[in-house]
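Please look over the sequence and the structure shown here before reading the notes on individual residues and on the pocket.

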Amino acid sequence: MKKNNEQTYKFKCTPIRCKYDTEDFKIYLVKVNPDSDIEVNPDGFTTILGNLHKLILQVEYEVTATIKRDKYGISYRVI
């Protein structure tokens, strides 16, 4: 759920691997354009998560998300 003070990011990404998959929650490791404002890990990838349909790997998607910082690092919750 989006909080009023959270910034929304709209960006294109390409899923590389599904890291977690249940019927109503998925986590994907994705590649983003290096020139974007999206924060990436040292390997150049980031994570998107949320109530997503199954994404096709290596196909580019445009997502709208809010940033999430927790004990696992930085990820983007798709809204």
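## Basis of the model

This is a predicted model, in which local features need pLDDT of at least 70 and side-chain atom pairs count only at pLDDT 80 or more, while totals for chains, interfaces and linings use all residues. Residues are numbered from 1 along each chain as its sequence is written, and side-chain values use heavy atoms, with hydrogens and water left out.

## Thr14 and Asp21 in strand β1

Thr14 lies in strand β1, residues 8-21, where strands (E, at least two residues) are DSSP runs numbered from the N terminus. Its relative accessibility is 17%, so Thr14 counts as buried; buried means under 20% relative accessible area, exposed over 50% and partly exposed in between, with a 1.4 Å probe and protein chains only. Setting aside neighbours within four places in sequence, Thr14 is in contact (heavy atoms within 4.5 Å) with Leu29, Val30, Lys31, Gln58, Val59 and Glu60.

Asp21 also belongs to strand β1, and because its relative accessibility is 44%, Asp21 counts as partly exposed. The side chain of Asp21 makes a polar contact with the side chain of Lys26 at 3.2 Å; such a contact is a pair of N or O atoms within 3.5 Å, and within protein one must be able to donate a hydrogen and the other to accept it, while residues adjacent in sequence count only if both atoms are side-chain atoms. Asp21 and Asn51, 30 residues apart in sequence, are 9.9 Å apart in space, C-alpha to C-alpha.

## Phe45 in strand β3

Phe45 is found in strand β3, which covers residues 45-50, and with 24% relative accessibility Phe45 counts as partly exposed. Not counting residues up to four places away in sequence, Phe45 touches Ile16, Leu29, Val30, Lys31 and Val40. From Phe45 to Lys68 the separation is 23 residues in sequence and 15 Å in space, C-alpha to C-alpha.

## The largest pocket

The largest pocket holds about 350 Å³ of space. On a 1 Å grid over the protein atoms alone, a pocket is an open set of points where a 1.4 Å probe fits, with protein on both sides within 12 Å along at least five of seven lines, and lining residues have an atom within 4 Å of a point; points are joined across faces, edges and corners, and the volume is the space filled by probe spheres set on them.

Its lining comprises 18 residues, of which Lys19, Thr47, Tyr72, Ile74 and Ser75 lie nearest the centre. Strands β1, β2 (26-32), β3, β4 (61-70) and β5 (73-78) each supply at least two lining residues, and β3 gives the most, with 4 residues.
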